Amino acid sequence: KKIIHREQVDSTQIIANQLAREGAEHGTIVIADEQTAGKGRMSRPWHSAKGKGIWMSIVLRPNMMPQHAPQLTLLTATVLAECIDHYMGVRPSIKWPNDIFIHGKKTAGILTEMQAEQDRIQYVVLGIGINVNQDEHDIPPELRSIATSVKQETNQEWDLRESIQHILSGFEVSYEHYMANGFAHIKQTWEKYGYRIGETVTVETLQRTWQTVIVGIAEDGALLIKEEDGNVDKLYSAEIQW
Ligand code: BTN
């Protein structure tokens, strides 16, 4: 597979999207040491200092319908969680929809972008950002109470190259398994790491604010919640007071 490594880019996501538009093959990966304009979800910036973390984007050309794309994001979240748990030795949780938390603070995030045509996916670009070796003073002061790095939570520095290899081989195994056997295994792993599963949280939508229990995730990426009357509902977008 083609791996493109750059010292400095604006955003691996921008480069990978451009390569995909130009026809880059399935499995093309763009990795950078540093991003000057890293992108987070909901147009937020993503701090990506040189050599401190894993900043990469994967181009995929899955033969599937656009509505299944959220499964790829959930798949990626389980790959990151398993890598952090098994290789780095600290148990993370996955906060819906796809943030990776360690000890209650955000450590990694996933940004999925897609191009589809006539009910078929042309390509998906999966952006993965993991805070690996930042010390506390490397994290912007206003983020210190909500963001952390693997190093801060494991008290050890991690080899980025080796960490990337673990993630990519984990991704490949998980992706092949998903394509051959479907989503069930990912759902199971996601729920194993899911943040506050079985607990009561306060949920706020435009219409109302109420208390509900988180049960897991649905095949379409929705959060499954159990209402007081015992019914299980799907939540697609809401503010959750974690
Ligand atoms: C989020 O949690 O908001 C998602 C963060 C995604 C960051 C990664 S870093 C590699 C790739 N390139 C980007 O500009 N963003 C993603």
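This report describes a predicted model, moving from the ligand and a pocket to single residues and the backbone.

## The ligand and its shell

The ligand in this model is surrounded by 20 residues, and the closest of them are Ser 11, Gln 35, Lys 39, Arg 41 and Lys 106. Sorted by class, this shell holds ten polar residues, six nonpolar residues and four charged residues. Four elements, namely helix α1 (12-21) and the strands β3, β6 (105-117) and β7 (120-131), each contribute at least two residues to the shell. Among the elements, β6 provides the largest share, which amounts to four residues.

In Lys 106, by contrast, it is a polar side-chain atom that lies 2.5 Å from an oxygen atom of the ligand. How much of the ligand does the protein bury? Taken alone, the ligand exposes 420 Å², and the protein buries 99% of that area.

## The second largest pocket

The second largest pocket of the model contains about 300 Å³ of space. Its lining is made of 14 residues, of which His 5, Ile 31, Leu 160, Arg 161 and Ile 164 are the closest to the centre of the pocket. The elements that give two or more residues to this lining are the strands β1 (3-9), β2 (29-35) and β3 (53-60), together with helix α4 (160-181).

Which element gives the most to the lining of this pocket? The answer is α4, with five residues. By class, the lining of the second largest pocket divides into eight nonpolar residues, four polar residues and two charged residues.

## Two residues of helix α1

Asn 17 has its place in helix α1, and its side chain is joined to that of Glu 113 by a polar contact of 2.9 Å. With a relative accessible area of 14%, Asn 17 counts as buried, because this value is under the 20% limit for a buried residue.

Leu 19 is likewise found in helix α1, but Leu 19 counts as partly exposed, because its relative accessibility of 23% falls between the limits of 20% and 50%. The C-alpha atom of Leu 19 is separated by 9.5 Å from that of Val 30, a residue that stands eleven positions away along the chain.

## Separations along the chain and in space

Ala 108 belongs to strand β6 and is buried, with a relative accessible area of 0%. Between Ala 108 and Val 150 there are 42 residues of separation along the chain, while their C-alpha atoms are 9.2 Å apart.

Asp 10 lies in the loop between β1 and α1, where a relative accessibility of 34% makes Asp 10 partly exposed. How far apart in space are Asp 10 and Gln 188, C-alpha to C-alpha? These two residues are 178 residues apart in sequence, and the distance between their C-alpha atoms is 36 Å.

## Backbone features in the loops

Most residues other than glycine have a negative phi, and most peptide bonds are trans. Trp 96 and Pro 97 are joined by a cis peptide bond, with an omega of about 5°, and Pro 97 is found in the loop between β4 (93-95) and β5 (99-102).

His 103, which is found in the loop between β5 and β6, has a positive phi of about 50° although it is not a glycine. His 103 counts as exposed, because its relative accessibility of 54% is over the 50% limit. Asp 119, placed in the loop between β6 and β7, also has a positive phi, near 65°, in a residue other than glycine. Asp 119 is partly exposed, because its relative accessible area of 48% lies between the limits of 20% and 50%.

Technical notes. Residues are numbered from 1 along each chain as its sequence is written. This is a predicted model: local features need pLDDT of at least 70, side-chain atom pairs count only at pLDDT 80 or more; totals for chains, interfaces and linings use all residues. Side-chain values use heavy atoms; hydrogens and water are left out. On a 1 Å grid over the protein atoms alone, a cavity is a set of points where a 1.4 Å probe fits but cannot get out, and a pocket is an open set with protein on both sides within 12 Å along at least five of seven lines; lining residues have an atom within 4 Å of a point. Grid points are joined across faces, edges and corners, and a volume is the space filled by probe spheres set on the points. Ala, Val, Leu, Ile, Met, Phe, Trp, Tyr, Cys and Pro count as nonpolar, Asp, Glu, Lys and Arg as charged, and the others, Gly among them, as polar. A residue is near a molecule or strand if one of its heavy atoms lies within 4 Å of it. A polar contact is a pair of N or O atoms within 3.5 Å; within protein, one must be able to donate a hydrogen and the other to accept it, and residues adjacent in sequence count only if both atoms are side-chain atoms. Accessible areas come from the Shrake-Rupley method with a 1.4 Å probe; for residues, only the protein chains shown count as cover. Buried means under 20% relative accessible area, exposed over 50%, partly exposed in between (1.4 Å probe, protein chains only).
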